[in-house]
Amino acid sequence: MDDARPDGTYRGWADLVAERLAEVTPGFRYANLAVRGRLFDAVVDEQVPMALRSAPELVTFAAGGNDALRRGFNPVTLATRLHEVVRMLSAIGSTVVLFTAADVSQVLPARRFIAQRVRSLNDATHRVAVRHDAILIDLFHDEGFHDRRMWSIDRLHLSAAGHRRVASHVLTALKVDPDPLWDAPLDPAPRAGWVASRKSDVAWARTHLAPWVKRRLTGKSSGDTIVPKRPDLRPWSDDVS
């Protein structure tokens, strides 16, 4: 279950899914257009046209979580654009996989505010999935994501364990057997005392929350200067970056 790279980073869920699909699908080709931190409109404007040109048989589309945490989030507007995205992809014969957002309110402050936003995003996604008969991966009701170890140190992005769990959901929905360890229950976490927990919260706020707030105030995103790592469909290989 060691999916770490030599530089200490780890493979995301899409790479894990692709690796498994390549094992069971002759001639399998894979592109990964994802850019962490991109807002929904940027994903639609920049990545969807690339996907349409490639005309893939299968598309996984996960976007909107960053928007849900911003002040101007509008689930109606998002649902309208998501409907158009899925309509266009379906029209060229692509099977589309959508996702409900995991319940990050369990690991972030302002729990009630965040939970309301996430539910609005998920309701919109669910309606679009039903309308177009897309595959919907329900992460919100998976209580495994309530465990902070499923999240990276910034509490916004998935850890290696979280990526493995998402990959397991996707492969199961595609009727391909995942590694059974990917969604196995984690060992009980050591119970942190109140003082240690508050120190951890303060360190997180200084290191991760403050820069995040600054980006929100300046209209910037952590994905603004990043480009897709695998923009073209090409045969899978073990040295995927």
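## Aromatic pairs

Searching the whole structure gives four aromatic pairs, where rings of Phe, Tyr and Trp (its six-membered ring) pair if their centres lie within 6.5 Å. This is a predicted model, in which local features need pLDDT of at least 70, side-chain atom pairs count only at pLDDT 80 or more, and totals for chains, interfaces and linings use all residues. Residues are numbered from 1 along each chain as its sequence is written, and side-chain values use heavy atoms, with hydrogens and water left out.

## Trp 13 with Phe 99

One of the pairs joins Trp 13 and Phe 99; it is tilted, at 5.1 Å centre to centre and 55 degrees between the planes. Planes under 30 degrees apart count as stacked, over 60 as edge-to-face and the rest as tilted. Trp 13 belongs to helix α1 (residues 13-24) and Phe 99 to strand β3 (residues 95-100), so the pair ties together parts 86 residues apart in sequence. Helices (H or I, at least four residues) and strands (E, at least two) are DSSP runs, numbered from the N terminus. Both Trp 13 and Phe 99 are buried, that is, under 20% relative accessible area (1.4 Å probe, protein chains only).

## Phe 40 with Phe 61

Phe 40 and Phe 61 form an edge-to-face pair, 5.9 Å centre to centre with 80 degrees between the planes. This pair links distant parts of the chain, 21 residues apart: Phe 40 is in helix α2 (residues 40-54) and Phe 61 in strand β2 (residues 58-61). Phe 40 and Phe 61 are both buried.

## Helix α1 against helix α6

Residues of α1, including Trp 13 and Leu 16, meet residues of α6, among them His 163 and Val 166; contact means heavy atoms within 4.5 Å.

Note on methods:
Buried means under 20% relative accessible area, exposed over 50%, partly exposed in between (1.4 Å probe, protein chains only).
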